[in-house]
Each structure stands twice: as structure tokens, then as C-alpha cells.
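Hi everyone, thanks for coming. I'd like to walk you through one model today, so please have the viewer open.

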Amino acid sequence: MTKSGAEKKRVRRSAALQNGGSRDPNNDTPPRKQVKEKDLFQLFSEKVRDHKELESRWGVLQETRVEYFRGKDFVSFLGKHPEVKEVLESDKSLGPEDIANVLLGRSLLVRCDRVVKTVRPGKKKLSTWPAHLEIHPDQHFSDNDAFFAWTFVKRRPLWQTILSFVWPVVTLAICLFPVFPHQCKLLVLYTCAGLLLLIFSVLSVRGLIFGTVWILLGRRLWIFPNILAEETTLSELFQFWPKKDEEERPKWTSRLFYAAVAAVFILVLRHHAPDEAARARYQRRVSNIIDDVLEWSPKLALSGFMDQESVVNATETHSPATEEHVAQPKEEHEVEEPLVYEEESGDSHHKQ
């Protein structure tokens, strides 16, 4: 007798279960444990990346903007904050090198190297934080001039989520600016003018301080050193004081030359400066233009339009065509009166 299809399926299932039950538990790891270990190292990476004590920078790795840190900073960070390794549970006893190698193996980190490996002219050593990176051929941890970039996407904070909803509203408000009330337009005007004045003032004071310190002391001192940087974080953007001047000191001849150029420039500006009368005239002219812009309102424009219409109507009523039309009966009456007088005079003469 032949076995039915249902019996064949039962035989196959039992054979599969027997083969699956004969696996060696020492060689195969359950899937749940693998997911748990992966989640633990992922949580460790996120915790280390969000920690403020680990110094990091932003750079360009093969046309991709990444956040990276130095190997020696990672070792010193785990030495100062061993409590961070509590997330790893059973692997918390591993050293910094072993943990970093595990992160490299799980593709949570990638070892990078600087693109420019030679000292630029005018500098004594390589840049501490290079702006451009490339992937290192040896993907093993090292604390000797080695850089490591995070490969996973950082968790988005709440304020970025709020901004993603606010930006479309701001864009729509900018498009509807022509139909804003007059007071709102004035508020936007004063705000933008104040921001522009603040930016130009900071840049002017920044350049003046740099030039004075560079000429007198030979030091490069830029307040707000990252204010013109293209790739920087928000906290680095408002950094007031620079950390260290890594470039060599300029020669006294170049300092003397630029001091002479600055003195000549100031004397030329002073010689060609306008007098008080010209300055007053220019200020009066500019202030009148600004007052016309600021004092404008729809009510005044509407009232001016109504006055203009009344003037046009008045001129139309006193136009020459109307005067001719009004004066025409008078001419006819003047013409008729002599005719009547002539007829009367003729009758009277006939009667005589």
C-alpha cells in the first residue's frame, strides 16, 4: 500500500524536528541572545556618543558628513567614566581596545585617517582635528593618531522634530509677507535690521581685535572662531574664546608693513571724510526716506487716494468743455436779443 500525502508530510516534519534537535548548543547561539548582544552594544554606542565628556568633531568622510573622535580620547573617556560600561552587562569587564574592536566588527564604528598627511607651509604640525577624512585600510583600534567615525544615525532630539513642523509654517509666512499688517511688517523690518547690525558689528570688532593683537603681540586671536565655519555644531558656533594658536609667530617686518598700511588707510579715510554740513544733509535725506517708509500706513494711502479722486472730479467739473457747454445758451441769448431789437426797431420805423 502507498502512503497518503498527509502521512508523508508527517514523516518529513518529524525528521526535520529530529535534525533540529540534534544541534550542538555550544556551537550555535540562540537568535534572541544575538539580538540582545547587538542591542547592548548599540545602546552603549548611543550612550557614549551622547555623552558630553567625549570630545568629538564633524568632518567629511568621502563626501559624507560624519561625527568622529580620536582613539586616545576614547581610552581616557572610558578610564574616567567606567559607569558607562554598565550597559554591556556581562561584557563590562572588557578593556577599551576590546570594546572598540567589537564596535568596529559590528560596523558601529569605522576607522578613518586624515587626507592631508603632510604639514602645510607656515605650520609646525598637522591639524589636531582634520576636516577631511578617508577610510583606513586597517580596521583595528589604535590610540596613536587614529580617528573613528560613528556609522549609525543619531537619534533625533525633540527640538529637531519640532523644527521639522515649524519650518513649513515659517516658509508660508515668508511667502505671505506682502499681505501682512503694517505693524507686522515694521516688526520684521526692525528685527532683520537689528540682526544685520549685530552680525556686522561682531565681524568688525572681531577683525579689529585680531589686527591689533596680531600687529602688537604677533598672536592670532579670533573671538568667535567658528562664526564663519561651514561645518560646525551649534555649541561650537557660539564658542567665544579660541583654544590655541597652532601657527608660527609672524615676522616683525610683516607686522610693521601691515601697521604702516593700516595707518595710511586711516589717514586717507580721515582726509576724505565729509564735513559736518555734508553729513547733516545726507543724514537728513536718508532719515526722510526712512521716515516715509516707516510712517506709511494703509489708512494714509487710502485717504490720499480719496483726496486724489476728489481733486480729479473737481478738475473734471471745471474743464473747458463744460464751460463751453454752459456758456453756449448765453451766446444764443445774446444773438437773439439783437434780432428782437432789430424787429422792434423795424416795426417802429414802419409805424412812423
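Predicted model: local features only at pLDDT ≥ 70, side-chain atom pairs only at ≥ 80, totals over all residues.

Residues are numbered from 1 along each chain as its sequence is written, and side-chain values use heavy atoms, with hydrogens and water left out.

Let's begin with the strands. Five of them form a closed barrel in the order E1-E2-E5-E3-E4, with mixed pairing. From one strand to the next, the twist averages 55°; for that angle, axes are lines fitted to C-alpha atoms, and angles run from 0 to 180 degrees between N-to-C directions. Two strands pair if DSSP finds at least two bridges between them.

Now let's go around the barrel. E1, residues 56-61, pairs with E2 in the antiparallel sense over five bridges. Within that pairing, Val60 stands opposite Arg65, and Arg57 has Tyr68 as its bridge partner. The hairpin of E1 and E2 has three residues between the strands, and Gln62 there takes a positive phi near 50°.

E2 then meets E5, residues 147-150, again antiparallel, over three bridges. Phe69 is partnered by Phe148, and Arg70 by Phe147. On the other pairing of E5, E3 (residues 109-114) joins in the antiparallel sense over four bridges, with Cys112 opposite Phe147. E3 and E4 run antiparallel and are joined by three bridges; Arg114 stands opposite Leu133 there. Finally, E4, residues 132-135, runs parallel to E1, with two bridges between them, and Val60 turns up again, this time opposite His132.

How well covered are these strands? In E2, residues 65-70, five of the six residues are buried, where buried means under 20% relative accessible area, exposed over 50%, and partly exposed in between, with a 1.4 Å probe and protein chains only. E5 is covered on both faces: Phe147 and Ala149 are buried on one side, Phe148 and Trp150 on the other.

The structure holds 14 aromatic pairs. Rings of Phe, Tyr and Trp (its six-membered ring) pair if their centres lie within 6.5 Å; planes under 30 degrees apart count as stacked, over 60 as edge-to-face and the rest as tilted.

The criterion is NZ of Lys or CZ of Arg within 6 Å of the ring centre and within 35 degrees of the ring normal. Arg49 lies over the face of Phe152, 5.1 Å from the ring centre, and Arg57 has its charged end over Trp129, at 4.8 Å from the centre of that ring.

Last stop, the helical end. H6, residues 182-217, has 36 residues and reaches 52 Å from its first C-alpha to its last, close to the 52 Å expected at 1.5 Å a residue; that expected span is 1.5 Å times one less than the number of residues. Its buried residues are His182, Leu186, Val202, Arg206, Phe210, Val213 and Trp214. Just after H6, Gly218 takes a positive phi of about 75°.

An unreviewed UniProt entry places "transmembrane region" at residues 162-181 and 187-217; its positions are in the numbering used here, feature names are shortened, and annotations may be inferred rather than shown by experiment. In the model, residues 162-181 are 70% helix and 0% strand, with end C-alpha atoms 27 Å apart. Residues 187-217 are 100% helix and 0% strand, with end C-alpha atoms 44 Å apart.
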